[in-house]
Amino acid sequence: MSEKMFSEEQLEQLRSFPEISSDELIRYFTPTSADVAFVDPGRGRRSVDQLGMLVQLCTLPWLGFVPDDVASAPPAAVARVAQRLGVPPAALRLYGHRAQTRSDHLAQVARYLEWKSAPAEGQAMKELEQFLLDRAMEHDSPTLLFNLAREYLMAAKVIRPGALVLAKMVGTARKGAADLTSQLVGHLLTQEVRADLERMLVVDAGLGMTRLEWLVTPARDASATSVKSAIDKLAWLRAIDAHQMDVSVLPNERRRFLAQVARRSTNQGLERRKERKSPILLAFVAQAAVDQLDEVVALFDQAVSARESRAKSKTDEALIERAKRGEVQQLLMEEILPVLADPLVADDEVGGLLRERIGMQRLREIISDVWKPLPRDHGRLSELESSYTYLRQFTPNVLAAIDFQGGPGTGELMEAVAILKEMNRLGGRKVPARAPTAFVPARYADYLAKARRSGEDTAYRHFWELCVILCLRDGLRSGDVFVPGSRRYADPATYLYTPEQ
């Protein structure tokens, strides 16, 4: 297992001294007076052995172990320690020709620093095995697990075992995590569920691809087609009860890892995993059910917002043109007012003088340009109404597929959503008289009032429905509206302490 995880070159790097930074040099290779006294007890220990022991003493807290080739320590570190002892750095090349000397010195250093060794069957190794298994349930990267084990051992002041031994332990932990995963979700993998998961890997004639490929293919844009496709995916996942598959027995990181494996794997790759294939697909569909729910709502938001932005752009252009026409009229007034205000011009001469100066043709053009007052929103909802047919391509599907719920203060909006859903289901054309309107923003209220006064039921339906959709979108953004089962649009109250807590 370790040979597959790490190359010989990587293993050699894990056994050897790495490069040392200036901060590490100061932090670890600044021996105290007590350290110097420990390696030079005044009993005739050779300067070479003193230097070798002091390098080991500084290296152990730095790396958590001491490489066999002590003489290969970073030259800057050796020079700093040698200077402290007053011996030449080159003396380290003569140290530790006998392996027993190095191991005896390391044992003394460990006792001095209160570090422990880790015998193969000792308690420290058993605790390390459990630690690695727990971390392997959260992460699968061999390098990350190796580094986590190293940090764990350093925190516990346990000398790190050999790189190959630790690499094998990482491999064993990864295998143990896979086996434990299968055990934890085994009760969910009924014969029916396994059959559904297997069908995901069969090419669907209608799709031209497997269901797995179909599910992992992201939406290209926020068009009506993309929204409906996302709803189809959500419906398929719900049909196999993916939204009810409780895989919470697995750590969040494990679930995400397994789902990512499914997304990146080919059919052949999944088949090679044999008995682990089903847990991988199970974790994927359980997460996909939540992700797909979020995607449907997000695409709904984006598609509606795109049409609203388009309406805003058009009304902004209309406002610019209106401003230009207003400027023309303002210039005309600057010609008219001086004549009217001039006391030397007789009343019966004003009309003739203005017609002469301004010209009848210009006056007729100004009069023909009807100046209508703008609604509060400058006509944005009216412009959005031109996209009503387009929005109807997907909004009924979204309302039917998503269980929107409202928080405090959204009672009328949620009642309006329920009425609209029922109208869509029954094919109703006229908004019921009891349908609420208090949720409608003030800037849009005049549209509904005008349509109601004139008896234009179709216009009233369009404007009322657009207000429902826009307010539902805004509620999702503010958190006033939430979607049960969603991660991104979850009820904000679930993040708060309950009264009991």
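1. Basis of the note. The structure is a predicted model, in which local features need pLDDT of at least 70 and side-chain atom pairs count only at pLDDT 80 or more, while totals for chains, interfaces and linings use all residues. Residues are numbered from 1 along each chain as its sequence is written, and side-chain values use heavy atoms, with hydrogens and water left out.

2. Overall form. The protein chain has a radius of gyration of 38 Å, whereas a compact globule of 501 residues would have one near 23 Å. This radius is taken over C-alpha atoms, and the globule rule is 2.2 Å times the number of residues to the power 0.38. Along the principal axes, the C-alpha trace spans about 130 × 75 × 50 Å.

3. Secondary structure and contacts. The protein chain contains 24 helices and 4 strands; these are DSSP runs numbered from the N terminus, with helices (H or I) of at least four residues and strands (E) of at least two. Of the contacts between residues at least 6 apart in sequence, 74% join residues at least 24 apart, where contact means heavy atoms within 4.5 Å.

4. Surface and burial. The accessible surface of the protein chain is about 27600 Å², and 51% of this belongs to carbon and sulfur atoms. Such areas come from the Shrake-Rupley method with a 1.4 Å probe; for residues, only the protein chains shown count as cover. Of the 501 residues, 42% count as buried. Buried means under 20% relative accessible area, exposed means over 50%, and partly exposed lies in between (1.4 Å probe, protein chains only).

5. Helix α10. How far apart are the end C-alpha atoms of helix α10 (residues 163–185)? They are 33 Å apart, which agrees with the 33 Å that 23 residues should span at 1.5 Å a residue. The expected span is 1.5 Å times one less than the number of residues. Among the buried residues of α10 are A163, M169, G171, A177 and V185.

6. Salt bridges. The structure holds 21 salt bridges, each being a side-chain nitrogen of Lys or Arg within 4 Å of a carboxyl oxygen of Asp or Glu. One of them joins E271 to K277, with the closest N and O atoms 3.1 Å apart. E271 counts as partly exposed because its relative accessibility is 42%, whereas K277, at 7%, counts as buried.

7. E383 and K314 meet in a salt bridge at 4.0 Å, N to O. This pair links distant parts of the chain, since E383 lies in helix α19 (residues 380–384) and K314 in helix α16, 69 residues apart. E422 and R425, by contrast, both lie in helix α22 (residues 411–426), 3 residues apart, or about one turn of the helix. The closest N and O atoms of E422 and R425 are 2.5 Å apart. E422 is partly exposed at 33% relative accessible area, and R425 is exposed at 59%.

8. A nonpolar patch. M333, L337 and L340 make a nonpolar surface patch of about 280 Å². Patches are made of residues with over 30% relative accessible area and no salt bridge: like charges are joined within 9 Å, and nonpolar side chains (Val, Leu, Ile, Met, Phe, Trp, Tyr) within 5 Å. L337 lies in helix α16 (residues 277–341) and counts as partly exposed because its relative accessibility is 45%.
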